[in-house]
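I opened my notebook to look up a few things in this protein. Come along and check each entry against the view.

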Amino acid sequence: AARDPHQPEFLQAVREVVGSLWPFIQANPRYARHALLERLVEPERVIQFRVSWVDDKGQARVNRAFRIQHSSAIGPFKGGMRFHPSVNLSILKFLAFEQTFKNALTTLPMGGGKGGSDFDPKGKSDAEVMRFCQALATELFRHLGPDTDVPAGDIGVGGREVGFMAGMYKKLSNSAASVFTGKDPAFGGSLIRPEATGYGTVYFVREMLARNGQSLEGKRVSVSGSGNVAQYAIEKALELGAIVVTASDSAGTVVDEAGFTPEKLAALMHVKNETRGRIEDYAREHGLRYEAGKRPWHVPVDIALPCATQNELDLDDARTLIANGVQCVAEGANMPSTLEAAEAFIHAGVLYAPGKASNAGGVAVSGLEMSQNAIRLSWARDEVDQRLRGIMHSIHESCLRYGSQPDGTVNYLNGANIAGFVKVADSMLAQGIV
Ligand code: NDP
């Protein structure tokens, strides 16, 4: 905290992980050696750079961009790029730190990284987005490589942006090596990658419920966000028989007591992905209740899936959800629950899955995209989906291994943090002090 006083999100993420690790490390002195924790909270490398580009009016514009290469202990740095006006060093360092543990949980050989820019893609033309992505790639390319650092998408970065950055990388490096994941399948992207984070979150919910003899059938579910993760979480929840009653964006929430149908979801995806409109537009078109400025957490549900952004669910929201009888909260977003909210869920006996466990399906399929690119093959949709399910099952098993309590319940937060740490820490110990 003394070293990074102005990085609240980063400190929050570190506090949460260290809270889980501290008792474990004291019981296992092997992990108290060689300044393991001190090394783990310091990124291996932080790159900050200027991105200058020209808008449609011919005006020069300047943005700030970063790449955090947090840990390469178990493989090349891996983690998405985020384009959002709120992006700063604190947010990207928290994301890169979390990513390191998450990637360790996937069973695949990937280190942790994250990057992004304060560029706001909202309201920009395709040509402006392309020029910005190309300008960013002219600096970023020198820090990437298939065995060095492999970025992907995140908030504000989808297939379109990944394509523009990957195109410029190829031109500058004279190499078609795979240094981005989340590509279009036409040039090396994996099937199921767009769906993977949302699907994986719901697969994880299914694992948690199954252990308690339950399923998603007939359960009321609230989802926040309406972007990539939210859309496919809704799709999979519907497929498994749940009733999804909310979606949102940064301006407000739509409440649909009758529940989403595949047709309504297709309409929402059209508004968000094609016309790049707002959830308010979708609500109006379908005559649904729109609550400006509100989040979905006051709506009574059995299962809540926060899929928008960090710190979007605070202690008051957690208390409301608990009072309304929520059974399960699984994070599609990264750190959407504040530390106090997460503790309240665990204390109340809610099945609470932290993002680094429940949303790891996205990066897991990115890892599978790297594997397919390396062997120059592409796997069928079913094959990738099957592997994704297997990975989510294995992450759930890891949480049980390190998070099972004497009373038979599972602390998924401790389980995920400790399981991720053990793999990274063992690799660091084996490689010496570097
Ligand atoms: P998108 O850009 O596709 O969607 C983001 C959604 O969250 C939008 O509905 C957006 O609303 C909303 N949102 C963004 N910022 C805020 C904010 N400050 N306050 C309220 N709402 C906000 O991003 P993704 O769906 O890809 O990412 C969502 C979350 O999932 C993030 O936390 C991300 O880190 C995490 N994640 C994503 C993965 C992936 O594979 N894409 C993998 C693992 C985690 P609006 O349109 O109004 O901005």
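**Notebook: overall picture**

I started with contacts: of those with a separation of 6 or more in the protein, 73% join residues 24 or more positions apart. Two residues are in contact if their C-beta atoms, placed from the backbone, lie within 7 Å.

I reminded myself that this is a predicted model, where local features need pLDDT of at least 70 and side-chain atom pairs count only at pLDDT 80 or more, while totals for chains, interfaces and linings use all residues. Residues are numbered from 1 along each chain as its sequence is written.

I looked up the elements and found 15 helices and 12 strands in the protein. These are DSSP runs numbered from the N terminus (helices: H or I, at least four residues; strands: E, at least two).

The radius of gyration is 21 Å, close to the 22 Å from the globule rule for 434 residues, so the protein is as compact as a globular protein of that length. That radius is taken over C-alpha atoms, and the rule is 2.2 Å times the number of residues to the power 0.38.

I also noted that 51% of the 434 residues are buried. Buried means 20 or more other C-beta atoms within 10 Å of a residue's own, with C-beta atoms placed from the backbone (exposed is 12 or fewer, partly exposed in between).

**Lys114**

Next I checked the UniProt record, an unreviewed entry, which puts the feature "active site" at Lys114. UniProt positions use the numbering here, feature names are shortened, and annotations may be inferred rather than shown by experiment.

I found Lys114 in strand E4 (residues 112-117). Is Lys114 buried or exposed? Lys114 is buried, with 31 other C-beta atoms within 10 Å. Leaving out residues up to four places away in sequence, its contacts include Ile68, Gly79 and Leu92.

**Around the ligand**

Which residues come nearest to the ligand? Among the 25 residues around the ligand, they are Gly227, Asp249, Ser250, Ala333 and Gly362. A residue counts as near if its C-beta atom, placed from the backbone, lies within 6 Å.

Helix H7 (residues 228-239) gives the most to this shell, with three residues.

**Helix H5**

Last, I followed helix H5 (residues 159-173) and saw that Glu161, Phe164 and Tyr169 are among its buried residues. The buried residues of H5 pack against strand E3 (77-83), helix H4 (126-140) and strand E5 (149-152). Just after H5, Asn174 takes a positive phi of about 50°.
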